[in-house]
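Dear colleague,

Please find below the structure I promised to pass on to you. My notes on it follow directly after.

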Amino acid sequence: MYSTLRYLCGIAATSFLLAGCGSKSDEPYRVAVVAYQHETCTFCPGGDTEIEDWTWKKPYIEDEELLSSDSYVRGFVNTARRYDDLELVGIKSPSDVFGGSSRSWNSKASFEHFMDIILSDIEAHMPIDGVYLALHGAMAVRDVPKPEAEIAKRIRELVGDDVPIVASFDLHGNEDEEFLRWADGSFVTKQYPHYDSYLQGERSAHYLRRMLKGDYQPTTASVKPPILTASVVQWTGQSPSMNIMERARRWEERVPDAFVSVFYGFAWADTPDGGMLVQVMTNNDQALADSIAKDMYDYIWSVREDFARGEYPMPREAVQQTNKAIAGGKTPVVLGDYSDRPGDATWILDELIKQQTSGVLYAALTDANALEKLKQGGAKAGDAFDMEVGGYTGEQAGKPVRVTGIIRYLGPMWNYDYVAAVDFGKDNVLVIAPTYTQIIEAHRLRNDVFNVDDFDVVVLKSRVHFRRGFDENGYAKEIILVDAPGDWFGTTRLGALDYQHTPVDKLYPFGDGDW
């Protein structure tokens with residue numbers, strides 16, 4: 001997409017071989033920074049994600065607030081600011097959506113609303129020499145089949161063909177060749193948990209500047225291994241997932257100016273580009289890009305059976321294993337409720353009560369209605385608690401579970417205005433939050449209300465990200481990922497989902513892999 005003019009100008013920078021190259025030596029390159037990220041769970045209940053769900057904190061973020069908004073953006077900004085020839089413009093962008101990845105389809109109205117804001121702000125800051133996009137890759141929008149590609153397309157149409165556009169992504173993205181039709185580069189995390197999100201922002205900055213200086217002319221290849229997997233099996237701390245990403249890194253280390261990214265896909269977003277994608281960028285060498293893409297495709301296909309496999313104990317067995325670990329002094333135990341995306345599933349809570357497990361910190365169960373009842377009833381710390389909680393979004397969440405105990409705390413926590421902590425059973429605490437809450441660091445469970453270090457068992461609504469703060473640092477003595485007893489969304493049993501847009505008949509393990 002990026003024209004060859006600036007590339008040739010870079011080669012001829014010290015001569016007068018080309019007319020019309022111009023010079024930016026006296027003024028910095030102006031780079032627009034945009035962030036529009038959502039991991040959409042189209043199978044999640046609760047209705048479409050509307051404008052007000054994005055604006056629950058503020059209408060948008062911009063300027064320095066935008067330029068320090070997340071690790072991808074900070075990586076890009078901190079690197080770009082080391083160069084004295086780059087000037088950054090923080091474009092008005094949506095902030096965090098309420099409920100995060102537990103939210104369903106974005107409405108077309110919300111998408112158009114924020115695209116109007118973004119495009120209008122870019123236009124107001126023209127001329128722009130480059131654009132950096134902090135995207136996710138798994139956004140799903142009503143009547144917009146490929147949202148991230150659409151974002152790049154509309155920005156391209158505004159800024160023109162000679163302005164490089166580079167993006168960073170989460171590896172859970174659903175993308176295809178369309179994005180690099182409109183953009184010039186893409187950098188995707190290679191680790192899950194995403195320890196390298198800052199790094200991908202850094203790489204995006206170096207790459208964009210090289211394009212601006214004329215010493216990188218991207219030639220790209222995009223191929224889709226026809227495989228669809230649940231997020232829980234994509235953990236890069238185990239094979240073959242770690243081997244796939246290591247193969248991409250080896251190509252980058254062996255071949256100068258080659259960049260290799262792998263999207264694992266996001267099975268819970270029903271989009272036409274669902275599943276895996278390999279993107280390769282090389283410096284004016286299309287044959288090399290194509291050969292690397294083919295190698296990655298062939299390797300991923302060869303390990304598809306092991307990659308797609310995932311079997312985990314059901315709640316009853318998982319709690320039995322937990323009690324055995326407690327008896328053996330193998331604590332703390334972390335139970336990962338991997339399939340619960342709305343956050344209100346009660347399968348594990350029910351078993352913990354039935355089996356009289358003690359020393360449990362359950363962080364957290366989603367139940368905004370229960371919180372509202374407490375608030376409207378004037379409840380306070382020290383009051384008795386006797387209420388059915390959770391299990392309200394559908395059969396995948398189980399049934400509401402009656403919890404009796406004493407209210408330990410009511411008030412603000414984790415950026416929410418109102419959260420409840422309830423003592424129940426023997427030395428157990430249940431935290432009730434207004435929306436899906438994924439705890440990935442132990443320090444978030446150390447506060448004036450409770451301390452995670454005082455418990456033998458921690459229940460988290462997470463698949464892999466929790467390993468950052470509870471597993472890969474050695475904190476937990478035992479990790480148990482817990483399944484749910486049914487063929488529902490969120491589990492590894494993707495065949496139960498009613499896909500309308502993702503071509504599952506062509507994706508392993510459902511079809512023959514003939515994309």
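Leaving aside neighbours within four places in sequence, Ala138 is in contact with His38, Glu39, Thr40, Glu148, His172, Gly173, Asn174, Phe266 and Ala269. Please bear in mind that this is a predicted model. Ala138 belongs to the loop that runs between β3 and α6. Its relative accessibility is 1%, and Ala138 therefore counts as buried, the cut-off for that term being under 20%. One of its contacts, Thr40, lies 98 residues away along the chain, yet the C-alpha atoms of Ala138 and Thr40 are separated by 6.0 Å.

The sheet may be described next. Five strands make up an open sheet, arranged in the order β2-β1-β3-β4-β5, and their pairing is parallel. As for the partner of β2, strand β1 (residues 29-36) runs parallel to β2 and is joined to it by five bridges. Within this pair, Val31 has Leu88 of β2 as its bridge partner.

Helix α6 (residues 147-159) lies across β1, β3 (130-135) and β4 (165-169), and it runs at about 165 degrees to β3. Helix α8 (residues 197-213) lies across β1, β2, β3, β4 and β5, running at about 170 degrees to β4.

Helix α12 (residues 315-327) packs with helix α13 (residues 347-354) at an angle of about 50 degrees, and their axes are 9 Å apart. The two helices are therefore oblique to each other, and their crossing is right-handed. Which residues of α12 and α13 meet? From α12 they are Pro315, Arg316 and Val319, and from α13 they are Trp347, Ile348, Glu351 and Leu352. By class, the residues of this contact comprise five nonpolar and two charged, with no polar ones.

With kind regards

Terms used: Residues numbered from 1 in each chain as written. Predicted model: local features only at pLDDT ≥ 70, side-chain atom pairs only at ≥ 80, totals over all residues. Heavy atoms only, no water. Pairing = 2+ DSSP bridges. Helix = DSSP H or I, 4+ residues; strand = E, 2+ residues; numbered from the N terminus. Contact = heavy atoms within 4.5 Å. Axes fitted to C-alpha atoms, helices over the stretch in contact; angles between N-to-C directions. Parallel < 35°, antiparallel > 145°, perpendicular 65-115°, else oblique. Left-handed = near helix turned anticlockwise from the far one by under 90°. Nonpolar A, V, L, I, M, F, W, Y, C, P; charged D, E, K, R; others polar. Buried < 20%, exposed > 50% of the residue type's maximum accessible area, 1.4 Å probe, protein only.
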